[in-house]
Amino acid sequence: MSEQPVIQIRNLRKTFTMGKQKVHALAGVDLDIAPGSLTVIMGPSGSGKSTLLYLLGGLDRPTSGTIQVNGRYLDQMDENDLGLFRRKSVGFIFQSFNLIPSMTAMQNVIFPMRFTGVSNKERQKQAARMLSQVGLAKRALHRPTELSGGQQQRVAVARALVNNPPIILADEPTGNLDTTSGFGIMKLLSKLNLEGRTVIVVTHDMRMCQFASNIIYLLDGLTVSEAEYEAASHFEIPEEEPEEV
Amino acid sequence: MRFWDLVSLISENLRRRKGRVFLTAVGVVIGTAAVVLLVSLATGLQKSATSNLWGITDLSRIDVYPNYGEGMYMEAVPMGGGGGGGTTSNVKLLTPTVLDEIAAIPGVKFVIPRDYMYGQGMIQFGKFETWAGLMGVKTDNLENLGYELDRGSMELRKGTIVAGSWVVQNFYVPNLRPGQEMPELPDILDQRVKLKLTKWTTDGQEVSRTVELKVVGVLREMRNEADGSFFVSMEELEAWNTWFNNGQRINRNKNGYNDVIVRAESPEVVMDVTQQINDMGYMAYSPQSTVEGINSFFVILQVVFGGIGAIALLVAAIGIANTMTMAILERTREIGLMKAVGATNRDVLTIFLGEAAGIGFLGGLGGALLGWVGGYALNVVSMQFLASQAQQQGYMSTGLTADTPLWLLLFAILFATLVGFLSGLYPALRAATLEPVTALKYE
């Protein structure tokens, strides 16, 4: 791709300490993501794909390596700058929606704008526009418990969009949904991508790949080729003989 | 984050958990009410104590007495009267020269010696009479002493007399027949009264002398020593005292005065002037020092009472900290979300501090109200109780038991808010520094 990548990751490592054991969630990842692409990050659980997504969104800090987003190094930002970065540049979508139960769909969508100083009128307008964009204009005054899983995730998508970020980060967005609503969310993400946003989706739902412009395979904290990934997922476990005691 | 967004978010969060916020605030209400009520009680006691203080109406006044020093106990120094003595170096007498020195102290307005009559006298008015508690003052106007006039005038000249407020009620008719009603005393203002002086010669002979005086004024009740005295000019009194002393005149240059009133230009300089006179070696005493002593006692009482209330508030503070810590555990995912959608650590800190301060504020508001109402109720009850007591024992009650000044209410609300804020510090800091990823995954 000739275009300057919107995200550049170099030798990214993230190590967690669990008790006395060190777990290398990311063990030196290099990655370029082009603006306007829809990148799917595939990998089994424990491959470090969610960790990678959170690092991209500035929700977590790397152990070493650099993350460059729009020319700015996230690894060098302080907490305050990271907060502002998340506010302006990225929108998160989570597997478990993370809606605030006491708030209506509208209030949930407005929530991110309460930290920005946008006028009240503008907030209402913007949130209403986002809700109708995800097809939930009529459900604006319902609380999350009164909405289906797919609808809840749509509210979450609207919330992610409301500050108009150029990058959307989705962590297993279809993981808690039935196949139909999951597919609806995938189409919605694809639509956002076609409107010009960079979308990065972490999933192990193979159907997402048909919308992807770019697929990244992660295994044990490292990017691998599709062939290697295939090989690993077809690895057969030899049947163990029952041990005699 | 804009201020109003913050306020609305905080109030929403508080409303979301009404029950818990209410229970936590009740603790603050009790603490604040205790502080308000106890401090009101101390303030009320102080007010009724100072209002009952004997004779402290004039804060510009300083009473100065001679200092007989240690010598007072070693040798018999004659009081007033004739005799010599008073030459020991540590005996400081108030001679006219000394009075001039005192008058020269900056801030001193008047230096007025007083003296009592050294003998017996009766004041007679028609068939009425009364014992004459006579006082001579070396000034031509009692106003200079800070006395207040009820009617007539306070000017003292030869042949005039001014009566204190109570003495005019002490006139009685001697030798009333049993069953005969005491007639009412006519107004003695501008009337002539007779002062009958009596002394005994060495061989036991009674000698009397009568002086006619005109009552030119009656003083207002000031609840001090002036109420029970008649006032005449010093020259007149000294003449009578000389007569009592068998013609021997008191030498003020040698014996000084026993009682001098110094009046300062303003109450503000009184303590300073008192100090300077004391430094000169005389015994200066100002009512203001008593008032200050009493006031400082009540300030201590207020602090102690307030401190007892503050213990309740401390317990409430722990309650707030506890509630907030729980709230943060419960809302961990929400905090993670707030961070994910762009809240900075400072935003999170401010929100949770605001919630804690909000609980403190609500509790403070309720507590101030409860304390105020409680003080009022206490007053009503104690008024009734004191009134019934007073009726049984036959005196008037002046009892106001609790006094809640506005500043106390405002202070209590502010203080409760501050307590809430401080209790919120630790939980809010914990919330602000939560790792967003950990917070989002918290179950």
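Contact here means heavy atoms within 4.5 Å. By that criterion, in this predicted model, the contact between the two chains draws 27 residues from chain A and 25 residues from chain B. Together the two chains bury about 2300 Å², and carbon and sulfur atoms account for 57% of that area. Three residues stand out on the chain A side: A:Leu59, A:Arg114 and A:Phe115 supply 29% of the area that chain A buries against chain B, more than any other three residues.

Three salt bridges are counted between chain A and chain B. On the side of chain A that touches chain B, the elements giving two or more residues are helix 2 (79-89) and helix 4 (120-133) of chain A. Helix 2 of chain A provides the largest share of that side, with six residues. Sorted by class, the side of chain A that touches chain B comprises 11 nonpolar, nine polar and seven charged residues.

Seven helices and 10 strands make up the secondary structure elements of chain A. The radius of gyration of chain A is 19 Å, close to the 18 Å that the globule rule gives for 245 residues, so chain A is as compact as a globular protein of that length. Along the principal axes, the C-alpha atoms of chain A fill a box of roughly 70 × 40 × 40 Å.

Chain B presents another picture. Its secondary structure consists of 12 helices and 12 strands. With a radius of gyration of 34 Å, well over the 22 Å that the globule rule gives for 443 residues, chain B is more spread out than a compact globule. The C-alpha trace of chain B spans about 115 × 60 × 40 Å along its principal axes. Chain B is divided into domain 1, which takes in 3-54 + 293-441, and domain 2, which covers 61-286. The centres of these two domains of chain B, taken over C-alpha atoms, are separated by 56 Å.

Over all chains, the structure holds 26 salt bridges. One of the pairs lies within chain A, where A:Glu172 forms a salt bridge with A:Lys49 and the closest N and O atoms are 3.5 Å apart. A:Glu172 sits in the loop between strand 7 (167-171) and helix 6 (179-194) of chain A, whereas A:Lys49 belongs to helix 1 (residues 49-56) of chain A, so this pair ties together parts that are 123 residues apart in sequence.

Notes: Residues numbered from 1 in each chain as written. Chains lettered and ligands numbered in written order. Predicted model: local features only at pLDDT ≥ 70, side-chain atom pairs only at ≥ 80, totals over all residues. Heavy atoms only, no water. Domains from an automatic or database assignment. Buried area = accessible area lost by both parts, 1.4 Å probe. Salt bridge = Lys/Arg side-chain N within 4 Å of Asp/Glu carboxyl O. Helix = DSSP H or I, 4+ residues; strand = E, 2+ residues; numbered from the N terminus. Nonpolar A, V, L, I, M, F, W, Y, C, P; charged D, E, K, R; others polar. Rg over C-alpha atoms; globule rule 2.2 N^0.38 Å.
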